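Work through each task before reading its solution.

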Amino acid sequence: MTLLNAADVPTATPHRVPETTRADVLAFVADIARLTKPAAIHWCDGSLAEREAVLSELVAAGTIEKLNDDLRPNSYLARSDESDVARVESRTFICSESEKDAGPTNNWADPDEMRATLGGLFTESMRGRTMYVVPFLMGPVGSPVTRVGIEITDSPYVVASMGIMTRMGRIALDVIEAGADWVKAVHSVGAPLEHGEADVAWPSNPTKYITHFPETREIWSFGSAYGGNALLGKKSFALRIASAMARDEGWLAEHMMLVKVTSPEGQIAHIAAAFPSACGKTNFAMMQPTLPGWTVETLGDDIVWMWVDDDGRLRGINPEAGFFGVAPGTGMKTNPVAMQTLWGNTLFTNVARTDDGDVWWEGMSKPVPQHLTDWRGQSWTPESGTPAAHPNSRFTVAIDQCPSAASEWNDPRGVVIDAIVFGGRRSDTMPLVVEARSWEHGVYLGATMASERTAAAEGVVGELRRDPFAMAPFTGYNVGDHWSHWLHIGERLAASGTQPHIFHVNWFRRDSDGSFLWPGFGDNIRVVQWMMDRLAGRVGASDSPIGALPRLGDLTLDGLDMTIEAAHQILTVDSDEIRADARDAHNLFASVGDTVPAALMRENARTLQLCD
Ligand code: O2Y
Ligand code: MN
């Protein structure tokens, strides 16, 4: 048995003996300790006792505060540094050997140069801090696509969050011990402490690097403790590195939610859906249908890993174990299931605190409190003129607290995917729902999907942003190769005659006054009903240049406050608008260059042809 040599540990502070015989794991931990010089090393076992100790440490450091146990049991509020509040796409890099492999949607950096930069930044970066070794599983034990990672971090906030978002600790180390390959993830807040120096509540560094090495399956993140920058199981592993693994190994790692829908007649469909930010992905994942007898159960809200099973069918799992959801706008009206999920055991970040020790954010659908402590820790009143909660404030909570969680969420066999949905926020052009003509056409719809920017994101509000497969910031390789990979998966599924149907939805079409034409939320079940009718071959459709549209009578519209004209408007397309959109999609293809698959060029030409 190889154990970490005491001489390798940079200081004499006590550390627990690592419970692994894997020399590669021990060497990794020793190498990072030698580089970063922490004051102590802690191997995370994922136990309740460990979780309580980490939370107590965070409370003592002033990083989090405990909320009122009577109102929000066992829950905490963290306030980040004001400069560390969101994912930083401009500081996110794909360091593939060849620049072309990163493609035009990623920031590329030469791997050797980046390693040299990181070597400098990480040198003694954990001085005065505890270095946590966080083994974690993405996916349930036993699934063919479940993968393992080890995140080394000097942030106890990251440890507490990873304990919710992943299956962390002994459970993951056991899988490694059984021989699994694992992904290296190194994270430092980049704020070493001199002997006796007082810490700040949210240590971070103005210099930030979120870097990915797809060939060696490594992640190095420096300077931020926030969200996707630091919880490296999420966007960095489960999307950027996993998408490269999936390309090489023949599966899919996608930015999608996953639900199980049951009709009153007992028809079941599992639907995976990709939407850009601010299109209601979490609301769809936790939908409360307005049509009687329908249920929607939640399998995941952000990431789906899919593979072709032995019977040639597409199956999927959610690799995560928790939700890292955006708080503002989540309320009893918009998403009651999320609100119920947050009853307790929740780590909130950058929301406001009420005077009685509970949380509050804009859109919670309660009367606005007359006094709060805002996300910056300042006294706040409705007259303050600033948001009480940061627009990107978050809740971190385990899936098993979600009242609509499907029992299969932790099943290693995953679920058979019956339908794939792409969507965007478009005030015009795209109809409420359309079904792709074929798998190739569905991949075209995914590749060209676009959404109008909202105030929640950077950029000009209303401007159309192409976001292929909602993966623009998350595909760890060339975007055109991602599209080819989808086409290859489609060919494998075609061989067994089990391709899922592909749809595109737009809940956000507006009339000439600018009002939304569709009520959305729980009424989206009416669209899902049409999709399930299509899966069962129960309903026809009318052809259009972008695929099959429901005819007026095909959609259940009873009980909606909607005119026939409005219904007609959301279910039809204008050839001129579609032509303009297809030309714009052609510009996207031109910018991607020679990796665009010929099949997608053909679909673009066909769309233009059908507009004439
Ligand atoms: O700002 C962050 O780090 C959060 S971004 C995020 C969080 C949860 C789910 N999705 C996203 C996203 O940007 O897609
Ligand atoms: Mn996301």
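**Exercise 1. Describe the polar contacts and the surroundings of ligand 1.**

Step 1. Lys235 places a polar side-chain atom 3.0 Å from an oxygen atom of ligand 1. A polar contact here is a pair of N or O atoms within 3.5 Å; within protein, one must be able to donate a hydrogen and the other to accept it, and residues adjacent in sequence count only if both atoms are side-chain atoms. The model is predicted: local features need pLDDT of at least 70, side-chain atom pairs count only at pLDDT 80 or more, and totals for chains, interfaces and linings use all residues. Residues are numbered from 1 along each chain as its sequence is written, chains are lettered from A and ligands numbered from 1 in the order in which they are written, and side-chain values use heavy atoms, with hydrogens and water left out.

Step 2. For Arg87, an N or O atom of the side chain is 2.9 Å from an oxygen atom of ligand 1. With Asp302, the ligand atom is a nitrogen, 3.3 Å from a side-chain N or O atom.

Step 3. The protein buries 88% of the 360 Å² that ligand 1 exposes when taken alone (accessible areas by the Shrake-Rupley method with a 1.4 Å probe; for residues, only the protein chains shown count as cover). Helix H7 (227-230) and helix H8 (233-249) are the elements that give two or more residues to the shell. Helices (H or I, at least four residues) and strands (E, at least two) are DSSP runs, numbered from the N terminus.

Step 4. The shell has 13 residues, with Arg87, Gly228, Lys235, Asn392 and Arg394 the closest (a residue is near if one of its heavy atoms lies within 4 Å).

**Exercise 2. How many aromatic pairs does the model contain, and why is the pair of Trp483 and Phe589 classed as it is?**

Step 1. Rings of Phe, Tyr and Trp (its six-membered ring) pair if their centres lie within 6.5 Å; planes under 30 degrees apart count as stacked, over 60 as edge-to-face and the rest as tilted. This rule gives 22 aromatic pairs.

Step 2. The pair of Trp483 and Phe589 is tilted, because the ring centres are 5.4 Å apart and the planes stand at 55°. Trp483 belongs to helix H12 (residues 479-495) and Phe589 to helix H15 (residues 575-592), so the pair ties together parts 106 residues apart in sequence.

Step 3. Trp483, at 0% relative accessibility, is buried, and Phe589 is buried at 2%. Buried means under 20% relative accessible area, exposed over 50%, and partly exposed in between (1.4 Å probe, protein chains only).

Step 4. Phe503 and Trp530 make an edge-to-face pair, at 6.0 Å centre to centre and 70° between the planes. Phe503 is in strand S30 (residues 501-505) and Trp530 in helix H13 (residues 525-535), so this pair joins parts 27 residues apart in sequence. Both Phe503 and Trp530 are buried.

**Exercise 3. Is Arg315 buried or exposed, and which backbone oxygen lies 3.0 Å from a polar atom of its side chain?**

Step 1. Arg315 is in strand S17 (residues 314-317). Its relative accessibility is 16%, so Arg315 counts as buried.

Step 2. The backbone oxygen is that of Arg413, 3.0 Å from a polar side-chain atom of Arg315.
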